[in-house]
Structure formats: structure tokens, C-alpha cells
Amino acid sequence: MKCPFCNSEDTRVIDSRTALDGSIKRRRECISCQKRFTTYERFEENQIYVVKKDKRRVKYSREKLLRGLTFATVKRNISREQLDEIITEIERKIQNSLSSEITSKELGEMVLEKLKKVDQVAYVRFASVYKEFDDIKSFIETVETIKKD
């Protein structure tokens, strides 16, 4: 592991812990400059591809999903940790399916299922972008569905 301060490859691990998302958090110290830094390690998993509506296949991006969830939860009482938990649960479900592909529709439905349990306003926000409402009637139907549940 290279030191981000002096680029020396001579570093040592001071402490290792399992992070909330299942990754390994390591506290390291550079032997050359004595500065400390943190690294996160994830197990390499099978690459997941998302099949879009137009049949294009793109690599799954945790960051892109986090961005979408962040927009849906702006000014809501939902922490970054909760969003990370939601994403980790979705990723585990996809990995456990033993498939290397998922449709954007299936992924969107998984996100909506999780958001419905966490925050109804975030659910409606995400649904409004994901379902691409053409008119107010579709939007109202979605809100009515939530009210029934």
C-alpha cells in the first residue's frame, strides 16, 4: 500500500476492523514519514451489469445508486449510514441471486421496496424519477397506493 503523503510503499497496519458495510477498515502508518491514514478493503465480488430499457449493459455503480438515493432523501431524516445499509442489502440480494445481470426495472423496484419502509416522501421522490410519470394522474395513483399501505 502506497503512502498518500510521500508515496512510499513501506507501510504497516496499526489496526483492522470490520466496517458497517462489510468492508475492512485498516489504520496504517507510513514507515518513512510516520503519517497515518485509513484504507478500506472490499471483497472482490462478481461484476454486476445493469440492463437498461434500451438493452444496453452498463456496469453497476454503487456511487450512482447512492447519488439517486441521496437526491430522493434530501431534507429527510435519513442518515448516510442508513443509505449505505440500504445499498448493501440490495447488493447482497443481487449477489445471492447468482446472476451477473439485473434489469434497471428490477433494481428500481428493490430500491422502492426499501424506501417504502424507511420514508414515504423519499419513496415518492425516487418513484417520480424512476417511473418517469407522464402526467399528474400517475403521480397521484402512486401517492394513493402508499396511503393504502
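A nonpolar core is a set of buried Ala, Val, Leu, Ile, Met, Phe, Trp, Tyr and Cys residues joined through side-chain atoms within 4.5 Å; buried means under 20% relative accessible area, exposed over 50%, and partly exposed in between (1.4 Å probe, protein chains only). The views below show a predicted model, in which local features need pLDDT of at least 70 and side-chain atom pairs count only at pLDDT 80 or more, while totals for chains, interfaces and linings use all residues. Residues are numbered from 1 along each chain as its sequence is written, and side-chain values use heavy atoms, with hydrogens and water left out.

**View A. The largest nonpolar core.** This core has 26 residues, and Leu69 and Leu115 have the most contacts inside it. Two or more residues come from each of H1, H2, H3 and H4; helices are DSSP runs (H or I, at least four residues) and strands likewise (E, at least two), numbered from the N terminus. The most is given by H4, with six residues. Beyond its neighbours within four places in sequence, Leu115 is in contact (heavy atoms within 4.5 Å) with Leu69, Thr73, Ile86, Gln120, Ala122, Tyr123 and Phe126.

View B. Helix H1 spans residues 62-72, and its buried residues are Arg62, Leu65, Leu66, Leu69 and Ala72. They lie on the same side of H1 because they cover an arc of only 120° around the axis, the arc being that of the directions from the helix axis to the C-beta atoms. An α-helix has 3.6 residues a turn, so residues three or four places apart point the same way. The buried residues of H1 pack against helix H2 (80-96), H3 and helix H4 (120-130). Exposed Glu63 and Phe71 are carried on the face turned away from the buried side of H1.

View C. Glu91 and Arg62 form a salt bridge in which the closest N and O atoms are 2.5 Å apart; the term denotes a side-chain nitrogen of Lys or Arg within 4 Å of a carboxyl oxygen of Asp or Glu. The pair links distant parts of the chain, with Glu91 in helix H2 and Arg62 in helix H1, 29 residues apart. Both Glu91 and Arg62 are buried. Through shared partners, salt bridges join Arg62, Arg80, Asp84 and Glu91 into one network.

View D. The structure holds twelve salt bridges. One of them joins the side chains of Asp15 and Arg17 (2.8 Å, N to O). Asp15 is partly exposed at 30% relative accessible area, whereas Arg17 is exposed at 55%. Another salt bridge is formed by Arg56 and Asp54, with the closest N and O atoms 2.8 Å apart. Arg56 is partly exposed at 45%, and Asp54 is partly exposed at 48%.

**View E. The antiparallel sheet.** Three strands form an open sheet in the order E1-E2-E3, with antiparallel pairing; two strands pair if DSSP finds at least two bridges between them. Strand E1 (11-18) and strand E3 (36-41) each have a single partner strand, so one side of each is left without a neighbour in the sheet. Strand E2 (residues 24-30) pairs with E3 over six bridges. Among the bridge partners in E3 are Thr39 for Arg26 and Tyr40 for Lys25. The hairpin of E2 and E3 has five residues between the strands, and Gln34 there takes a positive phi near 65°.
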